[in-house]
Amino acid sequence: MSGPADPTEPVARLYDPHEAAERYYPWWEESGFFRGNPEAPGRPFVIVIPPPNVTGSLHMGHALDLTLQDVLVRYHRMAGDNTVWIPGTDHAGIATQWIVEKELAKEGRTRHDIGREAFLERTWAWKATYGGTITRQLRRLGASCDWTRERFTLDEGLTRAVREAFVRLYEQGLIYRDTRLIHWDPVGQTALSDLEVVHEEGIQGEMWSFAYPLTDGSGEIVVATTRPETMLGDTAVAVHPEDPRYAHLVGRTVRHPFCEREVPIIADAILVDPAFGTGAVKVTPAHDPNDYEVGKRHGLAFVNILKGDGTLNSEGGPFAGMDRFEAREAVKERMAQLGLDRGSKPHVMAIGRSQRSGAFVEPMVSTQWFVRMKPLAAPATAAVEHGFTRFVPKQWENTYFSWLRGITDWCISRQLWWGHRIPAWYCQACGHITVAREDPEACARCGSDRIEQDPDVLDTWFSSALWPFSTLGWPERTVEMERWYPTTVLVTAYDIIFFWVARMVFSGIHHTGSVPFRDVCIHGLIRDAQGQKMSKTKGNAVDPLLTIDRYGADAFRFALTQATTQGSDIAWEDGRVESARRYTNKLWQAFRFVTMNLGDEGLEGPVEPSVYDRWILARLGEAVRRVREAFESYRFNDAANEIYAFTWDELCDWYLELAKGVLYGDATPGARRAARRTLVEGMGAVARLVHPIMPFLGEEIWQHLPGTTGSVMQAPFPRPEEFPSDPAVLDEIHLLQEAVVEVRRIRSEMELSPRIGLTLQSDGQRAACLGRHLPALRTLAHVTRFLAAGRPEGVSAAILVGGERAFVALEGVIDVEAERARLDRAIEKTTRDLEAIERRLSSPGFAQRAPAEVVESFRGKRAAARDRVAALEAARALLETDR
């Protein structure tokens, strides 16, 4: 059942995060609490969600990214800002198409068998059935998106924005079609951009050498390659112009052993290092980026030997039809038979793989569409240099700058069917290319109706680059664009700074005249406990949905938030969530204490606030100030830790214990009423404080507190001025806390029973106030007597309270001689144990042979033994120095 809780219902003994989520999330959504209104008052706070792939399922990266965004959104909504969080999904061109193609393959068919229109219909049907999975999972996480504004990168409005952007860039000469060397994925059978190629370092291969015979039969020239099959596309052999070994050969030719062509020997000082290998280099302009530039400089032929699927075409001669890797071995074998093999040696190299398919990428000459990047990159660089967009933390600007300053033109065409089809039509009559916002009926030049649209689609990142403004209605001048653009902040991991962040910046500036967001908040990646990247294949991936099932969304979100330091990776362990669950239980028990102690007298009437009431409210004001500052500056872990420290360490461990003396003692009705009001006021502030991070827990507490109305989402976030500062009270209670902590330390070091009452005495001016807190000292440290006097007779333990000496009397409390003997024996035994552990850890080979967990266990034992010896020696010293 959804809706607000019935405040008359008894508060459950334990907090149930699943029941709370099932109750409150539908109520929030149905009540419109998530909806943004561009015409509402307040400072705009706008986030557009980094759109997850429509094929996707929630993973830990999503969970972290979206939790941090929701924390900000919920905070700013409560802070009174005009807040909106726009959700959506990406059509994920390659990933989605592959899923549907795999379904067809099970039926023994391909997309070509059913045709483009039928394939697209089938893909849309798949999207309708499965595309909502990720957004349903976001709701389980508690994401408070404005679902009425949900977008999809292939919806009607975004399709119009994509076409408008393409046509504008084309009309401005910033999009062009050219035949160039590109990255080709033979499995996906599509072109890739530079960013879609993952370069794997340290791949073990071989450097194979072979000889080209001079055409006139007077000798040979030896070259080497890691890809033997590419020699079928060689159109030159290059040497250095100043290399005397080859000066007499420049201008002559070699005979290609398999193809009917002579290959010229050229001089090129840029490509060739005469000190490397033989000083001669084979040149394959159609299949190598460096050779491509040589081909352009020297006017060489560009011979493409590959088909789209990675098999050799007719240029492969006798190897035509073979797979590229099969051809690699066949070429080597045939060259050996011809006596031209000159051996091989191991060679470590970097190889590019398709980010999508994992296939080894082939450099290949192909006709594609490109975006001219230099004119777009310059304003995007300047925008960050001059502070129009700010990176938090600042050092990530360097990643952004390095990519933009070394940028090359962006290949944006993909040989797919699912995606934004390129709005270009080729005239069969005159060859003109018509690029248009609306589908043309005839050629713009000659008027012929014999026109065909380009079959390719745009890179998915092209539409994603428009996301911050296309989701607000661009190219129309909507009220959303006027009020909510630029957006406020982009929250993302550092691994897509160049994939997406930079592209959004240059697209936003070029198409709207403004940066797309003011801040870029960079967080790290979630790794396993050993710092390894999580992946299903490694078996170290954590399923966030299973984690939510086990611990609840509140604990999961708190653990993520508490672990997030700006720009740093997170070493994940489930222990983080277990700790967060204990924290939610602690808060719930504190809340139950409040509700169980409201009494029958009510909260109205005259009050007599105690010094403890004034103290906790003053400390609450300080905590609120720090939490607000942390949220405003994207210091998520600081906000979580401040909330944790205040609620656990001060509210629960101190104030609730101090309040018991008022609630259960012989205090006046006004004092009891003041304590109850403080409990309710403090817990109401806590519900509001924790809500951005733990939304369901915050709402559950809020619903059961007297005097609250509506949802906690509609309540204002606490402000420091609600809780006036009281420096004198803060100082006084700080002295009390010091005294309690020190007495507890003495009791622990001396191993005194908690039932033994102790005497505390001091003649210090600041410590004199402790006499007023004897009931609290008795409750918290079992101090039964306080004397405003100096050092007592006999044995005592000296402590510092407020920088002044105070004393815990031990005479008559312990048998001093027996205690000295006991401590001596304990020190001796623990020291022997420590020495044995040290010997084990320092023994040769132990750290290498023993399992890592065993070694770590012994290190933990060593640390514990050291701490134990130090504590025993400190206790022994007390008996000597204070005798």
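**Notebook: helices, pocket and backbone exceptions**

I began with Thr96, whose side chain lies 2.7 Å from the backbone oxygen of His91. I count a polar contact as a pair of N or O atoms within 3.5 Å; within protein, one must be able to donate a hydrogen and the other to accept it, and residues adjacent in sequence count only if both atoms are side-chain atoms. The model is a predicted one, in which local features need pLDDT of at least 70, side-chain atom pairs count only at pLDDT 80 or more, and totals for chains, interfaces and linings use all residues. Residues are numbered from 1 along each chain as its sequence is written, and side-chain values use heavy atoms, with hydrogens and water left out.

**Entry 1**

I placed Thr96 in helix H3. Helices (H or I, at least four residues) and strands (E, at least two) are DSSP runs, numbered from the N terminus. Thr96 has 0% relative accessibility and counts as buried; the classes are buried under 20% relative accessible area, exposed over 50%, and partly exposed in between (1.4 Å probe, protein chains only). Not counting residues up to four places away in sequence, I list Val54, Thr55, His91, Thr123, Trp126 and Trp418 as touching Thr96, where contact means heavy atoms within 4.5 Å.

I then looked up Ala92, in the loop between strand S3 (88–89) and H3. Its phi is positive, near 50 degrees, in a residue other than glycine. Ala92 is buried, at a relative accessible area of 4%.

The 19 residues of H2 should span 27 Å, and its end C-alpha atoms are 27 Å apart, which agrees. Of these 19 residues, 18 are buried. Just after H2, I noted a positive phi of about 95 degrees at Gly80.

Within H2 (residues 60–78) I examined Asp70. Its relative accessible area is 0%, so Asp70 is buried. Which side chains make polar contacts with that of Asp70? I found Ser144 at 2.6 Å and Arg557 at 2.8 Å. The residues that Asp70 touches, apart from those up to four places away in sequence, also include Trp85 and Pro692.

**Entry 1: the largest pocket**

I read a volume of about 2,300 Å³ for the largest pocket. Of the 48 residues lining this pocket, Asn53, His59, His62, Asp495 and Lys533 are the closest to its centre. The elements giving two or more residues to the lining include H2, H3, helix H15 (497–512) and strand S22 (487–493). H2 supplies the largest share, six residues. I recorded the lining as 24 nonpolar, 15 polar and nine charged residues.

For the method, a 1 Å grid is laid over the protein atoms alone; a pocket is an open set of points where a 1.4 Å probe fits, with protein on both sides within 12 Å along at least five of seven lines, and lining residues have an atom within 4 Å of a point. Grid points are joined across faces, edges and corners, and the volume is the space filled by probe spheres set on them. Ala, Val, Leu, Ile, Met, Phe, Trp, Tyr, Cys and Pro count as nonpolar, Asp, Glu, Lys and Arg as charged, and the others, Gly among them, as polar.

**Entry 2: helix H18**

I found that H18 (residues 575–596), with 22 residues, reaches 31 Å from its first C-alpha to its last, close to the 32 Å expected. Its buried residues include Tyr583, Trp588, Phe591, Arg592 and Phe593. Among the elements covering the buried residues of H18 are helix H17 (553–563), helix H20 (636–664) and helix H21 (669–690).

**Entry 3: backbone exceptions**

Most residues other than glycine have a negative phi, and most peptide bonds are trans. I noted a cis peptide bond between Val392 and Pro393, with omega about 0 degrees; Pro393 is in the loop between strand S15 (390–392) and helix H11 (397–405). A cis peptide bond also joins Tyr485 and Pro486, with omega about 0 degrees, and Pro486 is in the loop between helix H14 (479–484) and S22.

Tyr634 has a positive phi of about 65 degrees although it is not a glycine. I located Tyr634 in the loop between helix H19 (611–632) and H20, buried at a relative accessible area of 5%.

**Entry 4: Phe786**

How far apart in space are Phe786 and Leu770, C-alpha to C-alpha? The distance is 7.6 Å, with the two 16 residues apart in sequence. Beyond four places in sequence, the contacts of Phe786 include Leu760, Ala767, Leu770 and Leu774.

Note on methods: The expected span of a helix is 1.5 Å times one less than its number of residues.
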